[in-house]
Amino acid sequence: MDMQTNKLKLLLPDELDEFGKELDQLRQEMISDLGQKDADHIRNIIRTQKYSEIAGRTLIHFSLNPISWAAGVGLLSVAKILENMEIGHNVMHGQYDWMNDPDLQSQTYEWDTVCDSESWRNTHNFEHHTYTNILGKDRDYGYDVLRLSDEDPWKPRHLFQFINYGILSAFFEWGVGFHELEISRIKRGEITFKDKIPFIKRFTKKASKQAAKDYVLFPLLAGPFAPKVFVGNAIANLNRNLWTSTIIFCGHFTEDAQTFREEDCENETRGQWYYRQLLGSSNFTGNKWLHIMSGHLSYQIEHHMFPDIPAHRYPEMSSRVTKICEKYGIPYNTGSFGSQYKTVLERVARYSLPPEGTLSRVLPKQLAKYLPI
Amino acid sequence: MKPSPKIFSSQRSFTKSINNMYAASSAITFATHYINALTQKFWQQEGTLQSYVEFMLCEFNPMLSRQRTAAEVIQVITETHQAETYVLRPASQWKGFQAGQYINIEVEINGCRYRRNYSVSSTPEEFEKTGIIRITVKRVEEGLVSNYLRSALDAGDIIHISPAGGDFVLKDTPNKSLFLAAGSGITPILSMIERLALDPARSETTLIYSAHNPEDIIFSERLSALSESIPDFKFIPHITRSEGHLTTAAMKAYCADIQDRSLYLCGPNGFMESMNEHAVELGVPKEAIKQESFGAPSTNVTALDLDTLTDLNSQTHFSKSGKKIQSDGEKTLLELAESAGLKPKYGCRNGICHECKCTKTKGQMLNKLTGEFISEEQSQVQACIAIPLGNVSISNL
């Protein structure tokens with residue numbers, strides 16, 4: 001099945017303008033309603049996160065049996081997920097800048113992962129959110145590791161991309177951290193390794209700080225019990241990586257999430273931009289805590305339309321966005337967490353193979369490259 | 001006779017124990033100094049550890065905060081129909097103030113933090129004795145913070161304050177002085193006069209306090225009491241509604257030797273300007289005048305007159321680089337910064353990514369994407385979609 005851009009042209013220009021205006025109005029309504037409720041929400045989440053981290057690390061340190069140790073690892077995982085998703089990611093989008101709280105300022109916030117915040121603001125807030133799902137421009141689409149659309153020519157290594165997917169998920173924070181390196185552009189010779197030295201310096205500084213905290217400082221504090229702390233912290237980081245990767249893959253790589261061509265998005269109007277964000281994103285349903293643990297990226301559509309509105313407002317905005325979509329007869333991609341994730345796995349599987357019916361044609365050609373003839 | 005070895009040894013052990021005590025106490029002093037220095041160094045850094053320690057301290061008691069200075073509201077006193085005094089007990093790390101200085105207070109209103117400067121109206125001596133300070137706030141019509149303080153603050157509440165600042169303080173050399181106050185400009189001056197009242201070396205002191213109506217005079221009873229108990233302090237209330245604005249002639253009449261005095265001025269901008277002019281006319285040397293301007297009160301503007309703000313002579317000032325550029329009410333802040341030869345950080349140039357966020361210290365703007373008005377209060381602005389209206393200052397470029 002072809003995921004092409006032409007769906008973007010389905011609405012007439014006038015309709016797109018109207019569509020854009022309605023969403024702008026919704027945005028304005030939300031902004032003028034921001035206040036104590038939103039400040040209380042983020043501060044409560046921060047309190048929960050801090051208590052779970054303190055309790056988690058204490059339990060890992062002083063656990064007397066595997067059960068209390070595992071509880072500690074669980075709490076530390078929850079703390080890390082909350083910090084990365086509902087707090088860090090959202091704060092760095094500028095969702096709480098209006099509070100004038102120096103600890104919650106988008107441009108200075110530093111989060112609990114190996115990825116340097118400044119690098120994240122550049123690759124995620126700017127690149128990914130501006131060029132969402134535009135092939136070749138949005139490097140988050142497959143992360144240069146996975147082939148997820150037919151626009152990307154098939155190569156034999158894609159046959160094993162499930163393994164790459166597993167590795168990427170397990171080490172997701174490192175993948176995100178290295179994202180600004182743009183290895184594929186270096187390989188293509190568009191940029192040189194030298195251009196990336198400032199980034200590498202920043203990354204090394206942040207990553208070594210993180211690694212020192214979780215794998216040196218806290219284990220050493222435990223003296224002879226260092227190994228259980230080391231392992232506990234590693235598992236908490238792994239849990240966080242697997243969870244965040246899964247959530248993020250559900251945001252843009254589901255069955256019906258569309259991709260776009262660069263030339264189709266030139267001189268985009270506000271309405272077109274909203275429309276592309278809608279078509280390129282997908283939501284999933286769940287209870288309050290699933291939404292919080294996913295940083296409300298379960299409302300990926302609303303997040304992409306309104307990246308700087310406090311995320312806990314997305315549920316109420318979602319009912320309005322759904323209605324607007326119904327009015328214009330355009331799709332609103334949502335489903336249960338399980339069903340959406342299933343389509344992600346199907347996509348990874350489907351594109352590990354060349355386009356239908358071409359395997360017999362493409363494979364020998366590709367393999368021939370590797371044969372010493 | 002030789003002292004018996006026993007006595008000798010006990011004497012020696014006595015001396016030794018005294019020495020030990022000295023050593024111990026100096027060791028303790030040294031250790032305390034060392035620990036204090038370490039603690040100070042620890043809190044000068046900003047890091048994960050600090051944020052967790054701060055969090056736990058504040059959970060236990062907000063007054064223990066180390067990254068900010070908390071102050072507990074002890075009492076709220078009604079001074080006039082539009083002014084209240086807030087009696088505050090700052091947390092222990094607050095370092096005190098000089099009479100005449102102000103503090104920056106921070107309050108959270110509907111989730112958003114606001115900061116305002118208010119002069120301390122009490123004396124440093126009172127703070128040393130009781131650990132409390134007073135600020136007196138005259139409510140401004142439509143004033144967001146001053147009205148909030150009145151409606152929301154009660155004894156037991158916690159606000160946050162800055163170290164004291166400002167150079168509107170008494171001169172070291174005791175000289176005859178004249179204080180000129182209008183409106184809430186009396187607050188730093190009361191502190192200075194109370195301070196002088198405690199000083200036996202003071203010289204003649206006169207206060208001319210200009211107010212619209214008699215009931216607008218803040219600290220009226222306290223000032224009258226001071227003038228009765230202290231022979232060389234003269235308190236002259238000047239009521240503008242019946243007596244008109246203070247003129248040169250009136251000032252000369254109130255204080256014949258004005259040219260020989262140190263002047264201390266505090267009040268609204270218009271008052272300060274005319275007082276300066278009068279004083280110079282009356283032969284007061286410029287260096288004898290000390291003043292504190294309260295500036296224009298900022299209000300929570302919701303609508304604006306666009307015509308008055310899209311003045312062609314408006315300037316955008318980038319204070320870090322010192323560059324200035326004319327704004328025309330059409331170009332965005334990002335475009336203006338670039339035409340001024342600056343290299344601001346940016347991303348999408350479309351209001352999405354917040355990469356170009358700038359810190360605005362003065363002025364109003366328009367969000368070109370939504371037509372939304374960006375008020376004086378809002379300090380963080382997206383440069384790529386913000387159009388300066390009138391004069392604007394940006395601190396980070």
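Begin in chain A by selecting helix α2 (residues 36-62) together with helix α9 (residues 226-252), whose axes come within 8 Å and cross at roughly 145°; helices here are DSSP runs of H or I with at least four residues, strands are runs of E with at least two, and both are numbered from the N terminus. The axes are lines fitted to C-alpha atoms, for helices over the stretch in contact, and the angles run from 0 to 180 degrees between N-to-C directions. This is a predicted model, in which local features need pLDDT of at least 70 and side-chain atom pairs count only at pLDDT 80 or more, while totals for chains, interfaces and linings use all residues. Residues are numbered from 1 along each chain as its sequence is written, chains are lettered from A and ligands numbered from 1 in the order in which they are written, and side-chain values use heavy atoms, with hydrogens and water left out.

Stay with this pair: the crossing of α2(A) and α9(A) is right-handed, the term for a near helix turned clockwise from the far one by less than a right angle, anticlockwise being left-handed. On the α2(A) side, show R57(A), I60(A), H61(A) and F62(A), which meet K228(A), V229(A), G232(A) and N233(A) of α9(A), contact meaning heavy atoms within 4.5 Å. These residues divide into three nonpolar, three polar and two charged, where Ala, Val, Leu, Ile, Met, Phe, Trp, Tyr, Cys and Pro count as nonpolar, Asp, Glu, Lys and Arg as charged, and the others, Gly among them, as polar.

The crossing of α3(A) past α9(A) is right-handed. Among the residues that meet are W69(A), V73(A) and L76(A) in α3(A), and W243(A), T244(A) and I247(A) in α9(A). The residues of this contact comprise ten nonpolar, seven polar and three charged.

Now move to chain B and select the open sheet of six strands, in the order β4-β3-β6-β1-β2-β5, whose pairing is antiparallel; two strands pair if DSSP finds at least two bridges between them. At the edges stand β4 (112-119) and β5 (133-138) of chain B, each with a single partner strand, so one side of each is left without a neighbour in the sheet. Neighbouring strands here are turned by 40° against each other on average, direction ignored. Within the sheet, β1 (residues 69-80) and β2 (residues 83-90) of chain B pair in the antiparallel sense over eight bridges, and V73(B) has L88(B) as its bridge partner in β2(B).

Strand β8 (residues 205-211) of chain B pairs with β9(B) in the parallel sense over seven bridges, and Y209(B) has P237(B) as its bridge partner in β9(B).
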